[in-house]
Amino acid sequence: MLCLWCACTPRAAAQTPAEQTLATATVTASLAKETLTGDAAYQKIDTAALRRRGITDTGDALRRMAGINLRDYGGAGGLKTVSVRGLGAAHTAVTYDGLAMTDARQGETDLQAFNIDRLASIALRTGGAARLLCPVRNVAAAVVELTSLLPNSTQRRPAVTAALRQGSFGMANPSLGAGGRVGERGAWNVGADYFHARNNYSFLVDNGIATHRERRTNSLMNAGTGEAAFSFATPGGGTWLTKGYFHESRRELPGQVILYTNENDEHLRERTAFAQTSWRQLFASNRVEVFAAGKYANLLSHYRDIDAQYPGGGLSQRYVQQEAYATAGAALHLDKWSFALAADYALGTMRSNLKTDNDVLRHTLLQSTSVRFHTDRFALTARAVASFIDNKVKDNAARAARRVSRLSPSAGAVWRVLGSETTRRGSATLRLRADYRETFRAPTFTESYFYHLGSQSLRPETVRQGGGGFTLDALSRSGRLSLQLTADAYANRTADRIVSIPIRLFCWKTVNLGTVRGLGLDATLEASYRCTARHLLSLAANYSLAHVTDRTDPADRSTFGKQLPYAPLHSGATSIAWENPWVNCVAHLTFATSRWTTAAHTSGTLLPAYTDAGFGLYRQFATRSVRWEARAELINAFGTDYQVIARYPMPGRAYKLTLIMNY
């Protein structure tokens with residue numbers, strides 16, 4: 001079943017050694033096609049690669065991609081958000097089966113809410129969309145593309161998948177899925193999982209005089225997810241997909257580590273529910289393409305802090321956000337030219353139980369005009385996105401302060417200078433790419449309307465970014481050795497950066513302040529060598545150099561020219577796997593250099609560099625009509641004590657056991 005928005009074909013997880021062999025060749029061809037038709041840097045990890053690299057969850061998958069800075073607050077199932085190339089989480093769109101996830105309140109999406117068992121692939125696209133015709137929201141500074149295991153209309157009988165994960169610190173994660181056909185053109189699938197973890201791991205406390213170990217408390221988490229999908233292949237090669245999704249989590253918040261006290265009684269309940277439907281169709285000998293989609297989402301966030309300092313013995317903050325979203329477009333494909341028009345409309349609301357907050361209603365209209373000139377070896381794409389945002393607030397404020405409009409142009413080119421579209425044995429394919437684009441983000445509901453924090457006069461952040469790079473694919477004459485190497489250099493500049501600054505104790509103000517410049521390099525390497533018919537060695541590695549600095553005021557020596565907080569200068573990951581007839585083995589490592597926790601780089605605010613290594617064993621086998629997969633993983637194998645966010649220690653050495661059944 002073709003993914004509705006991406007130019008890729010998701011597949012179910014490989015289930016036999018033979019299928020794994022085929023998957024390696026298929027990924028190489030797929031990446032080649034993506035790189036030629038899209039001018040942006042692109043990285044993808046499918047189900048076979050998830051297994052081969054020893055990836056344990058969605059956050060771990062993103063950590064293995066170049067250019068990503070993952071913010072991890074620690075613990076299994078804990079909050080994980082992502083920023084790309086120093087642009088911040090609010091500039092990174094997250095799509096699920098082609099449509100963007102939305103949280104206008106925070107501007108971030110918790111990626112840990114997506115169970116890796118339900119994903120066919122995880123991809124990162126930096127700078128643009130591969131397809132000329134796509135939802136306008138997908139044309140963001142960076143896009144994390146999550147593709148679920150879509151219904152499969154080719155399977156002849158219903159299929160059932162059950163999985164059980166158990167790990168350290170009280171972690172248990174059962175899941176169940178099923179799917180089947182409906183007639184000749186339809187297919188369905190459903191899935192559900194439950195996640196439980198105590199997260200009572202130990203950590204090292206250094207108070208400057210002596211060190212000792214303590215254990216995380218108030219860290220319990222319970223979460224459940226359910227989703228269902230139905231797809232239908234329409235006559236003429238079209239596709240229609242409808243999906244429903246529900247996720248709710250209830251967690252205790254351990255808070256920051258504070259010396260000599262370990263008491264905390266904060267709780268957070270979050271719920272995400274949405275239903276979406278999408279359709280894409282080709283007409284007139286594939287020259288005319290149309291699509292349409294709609295989505296409704298309801299998000300709940302309820303924070304409670306039980307403490308005698310509050311009137312009534314506790315603080316309760318409840319926010320409900322709703323959004324109705326529609327998108328549609330059409331494209332004309334000629335021999336060497338393609339033209340596309342698309343439009344998005346969203347109606348979003350936010351309500352709170354706090355009397356000091358304003359109830360907000362936001363209208364968003366996005367329109368894009370795109371053109372592409374393409375030959376067998378060269379493609380040039382230009383796009384312009386017009387954005388109109390109107391916030392209607394229950395109380396006050398001049399109308400001019402609530403309206404935002406912006407035109408954002410972009411252009412990119414890709415050129416295959418060597419080789420053919422599909423890499424053949426004994427040959428290499430080299431593609432060059434370059435792009436320039438402007439994007440912006442409007443202030444979130446939080447930044448505009450929260451009491452003693454928001455400002456309704458905020459201007460959007462504007463980002464200008466440019467870059468260039470190459471992709472090299474090579475295949476030996478024997479077909480045993482395959483290689484893919486990518487490298488991308490980039491520069492970006494963020495104007496009217498939105499920041500919150502303290503006015504006095506318990507009173508902050510959000511303002512437009514400053515300029516940020518990012519310079520960097522991302523590189524990836526994927527290689528595999530088939531020693532014999534039943535032995536395969538695989539290597540995957542990535543490296544990122546990100547120099548992201550404040551360029552606001554040259555006279556301000558405290559911050560000008562200094563690396564932004566929590567942005568490591570160097571980071572990367574590597575994994576090596578050996579697939580064999582007995583037990584497949586994988587070893588992996590991630591690293592990051594030291595990071596500052598303040599913009600001024602004051603004494604005592606430097607987080608030290610860290611490395612995190614792990615090992616895994618897995619095997620697939622079959623008993624009659626049931627196929628099994630068993631995995632054993634050792635995480636943070638050397639027990640490294642480190643923090644990604646200051647005062648939020650990461651877990652030490654841990655294990656995870658997985659058993660998957662496919663019927």
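**View 1. A salt bridge joins the side chains of Asp641 and Arg213.** The distance from N to O in this pair is 3.2 Å. A salt bridge here is a side-chain nitrogen of Lys or Arg within 4 Å of a carboxyl oxygen of Asp or Glu. Asp641 sits in the loop between β34 (626-635) and β35 (643-645), while Arg213 belongs to strand β12 (residues 211-215), so the pair ties together parts that are 428 residues apart in sequence. Strands (E, at least two residues) and helices (H or I, at least four) are DSSP runs, numbered from the N terminus. Asp641 is partly exposed, with a relative accessible area of 37%, and Arg213 is also partly exposed, at 47%. Buried means under 20% relative accessible area, exposed means over 50%, and partly exposed lies in between (1.4 Å probe, protein chains only).

The model is predicted: local features need pLDDT of at least 70 and side-chain atom pairs count only at pLDDT 80 or more, whereas totals for chains, interfaces and linings use all residues. Residues are numbered from 1 along each chain as its sequence is written, and side-chain values use heavy atoms, with hydrogens and water left out.

**View 2. Asp522 and Arg85 form a salt bridge through their side chains.** Here the N to O distance is 3.1 Å. The pair links distant parts of the chain, with Asp522 in strand β27 (residues 516-532) and Arg85 in the loop between β3 (80-84) and β4 (92-96), 437 residues apart. Asp522 counts as buried at 6% relative accessibility, and Arg85 counts as buried at 9%.

**View 3. Arg51, Glu629, Arg631 and Glu633 are linked in a network of salt bridges.** Within this group, the side chains of Glu629 and Arg631 meet at 3.7 Å, N to O. Both Glu629 and Arg631 are buried. In general, side chains of opposite charge can pair when their charged atoms come close.

**View 4. The whole chain, for orientation, has four helices and 37 strands.** Of its 663 residues, 52% count as buried. Among contacts (heavy atoms within 4.5 Å) with a separation of 6 or more, 64% are between residues 24 or more positions apart. The accessible surface of the chain comes to about 28700 Å², and carbon and sulfur atoms account for 61% of that area. These areas come from the Shrake-Rupley method with a 1.4 Å probe; for residues, only the protein chains shown count as cover. The chain has 32 salt bridges by the rule given above.
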